Amino acid sequence: MPADRLAGIELSLIRQINALATPLSTNLGIGEPNLEPDETLRALARRAATTSWHYSANAGSLSLRKKLCANTSFDPATECCVTAGTQEALFAIFQAHVNPGDEVLVPNPGFSSYATVAAICGATPVPYDLEPPAWTLDASRIPFTPKTKLIVVNSPSNPLGAVLPAETLKEIARLADERRALVVSDEIYREIWYDSAPASMTGLSPNVIVVNGMSKSHGMTGLRLGWIQARSEILKPVVTAHQYIATCASVFSQALTEMIFDAAEWNASWLDGVRQQFRAQRDAALYSIRHELEAEIGSPAGAFYAFVPVPACDTLAFAKSLATDAAVLVIPGVAFGSAGEGFIRISYAASVEQIAMGIERVGRWLRTNGR
Ligand SMILES: Cc1ncc(COP(=O)(O)O)c(C=O)c1O
């Protein structure tokens, strides 16, 4: 019997759908960028492998923290912690600050980890709804209560690709301050945008905790490198939790990340290239969604996901049928909360050929099955 804290908690629906993949599947379910390191990045990685293999400070090497805090008011010595990916960052923050019985506000639809990590702490995840079709947020309708300990904000959003305007972010920070709640701003997709750079919550209130990482911007998902920035009183217990979870982030990944920031010119052009690639993939996805699925959705402003309404009542069963009968993987919207029912998440982190083929398969399945 697993411990009570894991009762009812299973591998995420995303993992369950991806487990249905076969070599013939077109995978539009994937949550990681289709980016491969270029020669410069490979050379930096080779060089990073020759640096120290020993533990770093728990919070990460100070030289990396200094780079992460450049141009912010965070003190690298006490207000930044490098983690084994953003996922570990979230876990450490929740372990440090969330008590059984607390309420944690999570976006609906939103990344399922937030609610799960809250539940592992014995807290109650309380969804706040984003409104289709543009997935806007009316901050005054966020259901804060006296039990609210923390609100998670994710812009650009997984699974929506939506970006929240700076005004909304300010309003969330103001309301959270009024309610003495912490804000966790998950900014992991912040470098992946199409029209203008998304606003950050950095500095909007002393109670804002910002998390970010290298997974999505640099295709470094397996290297597990993330970070947290927060006021020192907030960060201190988080570093304690992080010490008992991971000791420190991989020193190889830390060294590589530092080298990437040092290669500022290369990095700027890499990020431009990433945005260009995803823009082309987004446009291919939008074209196929319009023509094959006859669905109109607004252009995602960030990340690499399209959240598409489908005429199927149970989208979990639908996604499973697509995986087994049509050899295409998409994620049922319900994996992201109740407000996701009736939608599927199409990840366009795939080649334009795969995107066209995958969405065509979804369309064919719908037509064949009379939808
Ligand atoms: C919104 C969001 N936050 C956090 C993560 C975790 O990223 P990592 O742990 O690789 O930094 C993901 C990964 O899919 C994500 O989509």
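1. A residue is called buried if 20 or more other C-beta atoms lie within 10 Å of its own, exposed if 12 or fewer, and partly exposed in between, with C-beta atoms placed from the backbone. The model is predicted: local features need pLDDT of at least 70, side-chain atom pairs count only at pLDDT 80 or more, and totals for chains, interfaces and linings use all residues. Residues are numbered from 1 along each chain as its sequence is written. Helices (H or I, at least four residues) and strands (E, at least two) are DSSP runs, numbered from the N terminus.

2. In helix H11 (residues 315-325), Thr315, Phe318, Ala319, Leu322 and Ala323 are buried. These residues line one face of the helix, because they fall within an arc of 135 degrees seen down the axis of H11 (the arc is that of the directions from the helix axis to the C-beta atoms). Ala317, Thr324 and Asp325, on the other side of H11, are exposed. Just after H11, Ala327 has a positive phi of about 55 degrees.

3. Helix H4 (residues 85-97) spans 19 Å from its first C-alpha to its last, close to the 18 Å expected for its 13 residues; the expected span is 1.5 Å times one less than the number of residues. Of the 13 residues in H4, 10 are buried, including Phe91, Ile93 and Phe94.

4. An open sheet of 7 strands runs in the order E2-E8-E7-E6-E5-E3-E4, with mixed pairing (two strands pair if DSSP finds at least two bridges between them). Strand E2 (80-83) and strand E4 (124-129) are the edge strands, each pairing on one side only.

5. Strands E7 (residues 208-213) and E8 (residues 226-229) run antiparallel and are joined by 4 bridges. Val210 has Gln229 in E8 as its bridge partner.
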